[in-house]
Structures are given as structure tokens and as C-alpha cells.
Amino acid sequence: MSDILNLQSPASLGPSTFPGSDRPMVEAHGVRKTFGSLEVLSGIDMTVSRGEVACILGPSGSGKSTFLRCINHLEKLSAGRILVDGELIGYREKNGRLHEMKKPQLALQRREIGMVFQRFNLFPHLTVLGNIIQAPMLIRGEKREGAVRRAHALLDMVDLRQKADAYPQQLSGGQQQRVAIARALAMNPKLMLFDEPTSALDPELVGEVLAVMKRLANEGMTMIVVTHEMGFAREVADRVIFMDGGVVVEEGPPAEVLDRPRHERTRTFLRRVR
Amino acid sequence: MIADTATSAHSAPPASPASAHAPAPRVVPARYWGQWIAAVVLLVFVLGFVGLIASSKNVQWSAIPRYLFDPTILDGIRLTLVFTVLSMLISTVAGVVLATLRMAHNPVLSGFSHLYIWFFRGTPLLVQIIFWFNIQLFIPSLGIGSFHVETNTLISAFTAALLALSLNEAAYMAEIVRGGLLAVDKGQAEAATALGYTPFQTLTRIVLPQALRVIVPPVGNQTISMLKTTSLVSVVAAQDLLTRVQNIYATNFLIIELLLVASIWYLVMTTVASLLQSWLERRLGQSVSEPPLVMRLMRNLMSAVGSKG
Ligand SMILES: Nc1ncnc2c1ncn2[C@@H]1O[C@H](COP(=O)(O)OP(=O)(O)OP(=O)(O)O)[C@@H](O)[C@H]1O
Ligand SMILES: [Mg+2]
């Protein structure tokens, strides 16, 4: 499957065999974001390594989605900087100044970062296949045959091989979300962002989506997952990050943060979600 | 009558299971006598009016069939259709451009679009037609360097009429398109952006195709109305159906007869257009298992374009 995902540095090969592979995948330095007078992010520092799965937990309104959207510059930062694979996101540094990128340049950076949304956001006017192949063909200029072959491989991976010609509205929520994951993977991203991918699903459909995400994690994909699924965080995450009030309150291996939280705010939150 | 059965049922002892099988009492439907009287009065008036016209000695009824298929009239119909189709096509494209300008961040661009819509919707189309026909008053000639063209030769009655119809309609179309664009869920553009689509790709591949569902029905209405609106271009003698009719009655004075001929043709055209529209809307409405027609059309179009590019 790693040939489907085309990961530049499969976890199995170890971090030191690739040039630059000891460089973190995501670095956030002092990220701040304000909406008008409301400060939503108050200085986030975070490093996510290559192949790492980081789960972000936190109460509603703590800025989890906003932070995730800053990583692919769907939101403009108010201060701080974010680097993905060593590349500054959203700005070009020249003569000690940061020049804001234009949208077509931003689009180039976003191709490398996959995102999965709470409400799937599949394109309803395209079939499942169309949803998956449009971006590679349009943006990467891939040939149709190649894109279709890869789409079928990705559909195999998300267990939806028979649904290629269906339209999104003919699929269940769980199936739609799995297509959305396949669509993001079709662009060969280095990094996948998940914003509460199972929150809009009926309980019995959550498992099938988490199973796909787990498979992806095992393949060595770098993932940042905002979730309320404690079971997933415990089992799959390399690191759990607890956010509250626009700051990272604590972070560490799941066993530590989830079972022996050091901060009272974390304890209160965990008591409430259980 | 109904009240009778109701009161008798009320005063009767509680129904036993046996009486439930008894034949049900006859139901007399309620009659609204007032409406019937109004209908009769209406009919009398309408028939009387039609009779008055039909029996008029001043109308030569035999002239109507004689002119109905007159080559000049048929040619006028052709031009009316050309005006309708071309102005709808041009105004749709212009409307998309104006709608996107209106949503632009740059205040000059959105301000221009705003002003355009305000001006062209706020002034009579008749005036706009006459204005474009007389544009040479403002710009006597067009040219670059030594090359000059008289505006008069460039702007014929046809171009003035087409320009006026298209520019005016574009203002209405811009609002329709904008409504369609706003109706598309924001998550769609966001998902495309996150995948790496440029703003132009997001608009043309994701947002516009979905906006079509909302845009097509009002555009149908505009087209039907445009069939009749084109008659205004007769004021500059643009050779549409009404111009032809006027030219003919200017010589033979069969004014009412020829206006009736034109009306018959306008009715035929709008009826056919309405039938087409309701067929299209029925197809648009079916979305249970099959994607709607426009979406399939768009998909086929896109894949055709995609396979070429
Ligand atoms: N575009 C916006 N304009 C103004 N305020 C916003 C905007 N987006 C988010 N906010 C505010 O920022 C705060 C953080 O929102 P965010 O969506 O990041 O929280 P979250 O941690 O993802 O919460 P949830 O668990 O409910 O998804 C909220 O108070 C929200 O109202
Ligand atoms: Mg959120």
C-alpha cells in the first residue's frame, strides 16, 4: 500500500535514511489568531515529526479547528509562523521581510497537505471517481488512465471499490467520509489534517472511518487529528495534545495525557467526555 | 344538509358494532353559489368582449391567415429568435463576470459591478436602445493611429439593439448568478481550496456547476420574457418581428390585423419556450437516485474538455 500512498519516507525505513528526513513535518512557532477582538489562538508552539500521529483534544471553542486551518493557510495567522516540511506556509521570506503569498502560490503549497472535514464536503456534482481524479488531473496534470488506476487503488484501500460510479448523495456518511479521505490521498500529500472526521457520523459508522485512518497511520502517514474519539487517540496516536483557551495545556504519549493528566483543566475535560 | 346528518348522528344513541356496517349516509358536497355567479358574470363579459371584436366591421379577419406565413414575417421571427438567443448568451457570460466582480475583494471591482447593475436596472431599456443607436453623437469615429472607422457603420441598428438587450440583461443575470453562487455551501469552495485548486479552478469546476441548479430556472424565465422584450428594438427598426409588422401596416394600414399576427407568433414562441422550461425543470428536480440533468451535462462537458486538454 505504501506505493499507493507514495510516501517519501515510509516509517519502516527509519528516519535517517532520507536526506532531510530528520526535519520535522510540521513546526508551529508562536501561532496567534484573532477574529476581530477575539483571540482564538494565543501562541501555539508545536512540532510534529515525520510519520507521527498527533491527536488534538480540547473543549469546544478552544481553537482546534482554527489551528488546523492555519496549517494549510485556510486561515491567515495573526502572528507566528508555520513550517511544513521545512517550508514556510503562506509567506515568502525576502530581505528579512515576510511577503504574503498570492492565492495561486498558496494553492501550490496546499497540494502537499490533505484535509478531511467534519462534514465531508464531497463534490455532489461529481461521481466518487470524479471526486478523486479531478484534482490530480486538473492540478497535477496527470493523465486520466493513471489517475483512474490510482483512484481504484485508493478506493480499494478505503473498502469502496464498487462505489466508483456512485454520486455522493447515494452514499452513507461513513462511506462519504472514506471517499473524502481517498480524495485527499489522491494528491499524494505529505501530511493529512483531520478535523473531527467522525463527529457528523452515526455511531455505528464511526468504526469504518477510524479503521481507514488507522490503516493510514500504520503506513507511516503524518497525521494531525482533531477528535473526540478517546479510543482512537489511545490506540493510534503517538502523541496527544490537549488544547484549551487557545493554548496547548499539555501534551505527551496517550497513556500519560489520558490516564495521568498533570493539569486540572485536562482532568476536568476528560471527566466530561467519558 | 351535511348539518342534518351531523345532528342526527349526534342525537342518535352510541353506535353499536352492528350499525357500523349500515350503509353510509349519502354525502352532499358543499356548493359555493357565490363563485358560480361570479363565473357566469365573468363569462358574459369575456364572451361579450370577444364577440364585439370578432363582429367588428373594421377588422379584416381574412388578412390574418394571409400574413401569418408571409416571408417577411417569418424572417422577422428569425431575427427575434437571433436577438433572444444571442442576447441571452452574451448576458449570461457578462452576468457571470459581473457576479464574480461583485464578490471580489478589490473595492473598485466590486464597486464597478454594483454601479453597473444599479444603472442598467434603473434606466428604461427603451432609452438604452435609443442611446446605443445614437452613440455616434458621443463617439463619432473609432480608430487606432491612422486607421479610422465611422461609429455609424460599426453600430448598425442590429448591433445597437443587440448591445442594448445584452448589456441590460447582464445586470439581471449578474444578480441571478450571484444568488446561485451564494447558494452553494461554503464547504465546497473550502474543500477545493484545501486540495490545491486555484480560485479560478474552484469557481469554474466546483462552485459554478453547483450554482447552475439554482441559476437555470430563473434564466428560463428571463429567456421567455426576452422573447417579448426584443420587440422594443423595433424603435430603431432592427428588423425583428414587430419591426416587420410595423413596416407592413405602414403601407396597408391593417394595424390591428398585423399586430394580431405578431401576437400569435409571440404566443407560439413563449408557449414553446415555457414547455421547454418545464421539461428542463422536471429533469432538474429528479435527484433522488439520478443526479440532475445539468450536473450530468456539466460532467459530460467537463470530461470532454478534460480529455482534450
Ligand atoms: N471565521 C470566524 N470568525 C469569527 N470567529 C470565529 C471564526 N472561526 C472561528 N471563530 C471563533 O473561534 C473560536 C474557536 O473556534 P474553533 O472552531 O477553532 O474551535 P474548536 O476548538 O474547533 O471547537 P469545536 O470543538 O466546537 O469544533 C470560537 O469561539 C469561534 O466562535
Ligand atoms: Mg472544530
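B:Phe138 counts as exposed because its relative accessibility is 56%; exposed means over 50%, buried under 20%, and partly exposed in between, with a 1.4 Å probe and protein chains only. The model is predicted, so local features need pLDDT of at least 70 and side-chain atom pairs count only at pLDDT 80 or more, while totals for chains, interfaces and linings use all residues. Residues are numbered from 1 along each chain as its sequence is written, chains are lettered from A and ligands numbered from 1 in the order in which they are written, and side-chain values use heavy atoms, without hydrogens and water.

B:Phe138 sits in the loop between α6 (125-133) and β1 (141-144) of chain B. Helices (H or I, at least four residues) and strands (E, at least two) are DSSP runs, numbered from the N terminus.

Now turn to ligand 1. Its shell (residues with a heavy atom within 4 Å) includes A:Phe35, A:Pro59, A:Lys64 and A:Glu196. The shell residues divide into 4 nonpolar, 6 polar and 2 charged.

A side-chain N or O atom of A:Ser60 is 2.6 Å from a ligand 1 oxygen. A polar side-chain atom of A:Ser65 also lies 2.6 Å from an oxygen of ligand 1. For A:Ser62, a polar backbone atom is 3.2 Å from a ligand 1 oxygen. The protein covers 59% of the 640 Å² of accessible area that ligand 1 has on its own. In chain A, β2 (38-48) and α2 (64-71) each give two or more residues to the shell. α2(A) gives the most, with 3 residues.

Technical notes. Polar contact = N/O pair within 3.5 Å; in protein donor to acceptor, adjacent residues only side chain to side chain. Areas by Shrake-Rupley, 256 points an atom, 1.4 Å probe, with all protein chains shown as cover. Nonpolar A, V, L, I, M, F, W, Y, C, P; charged D, E, K, R; others polar.
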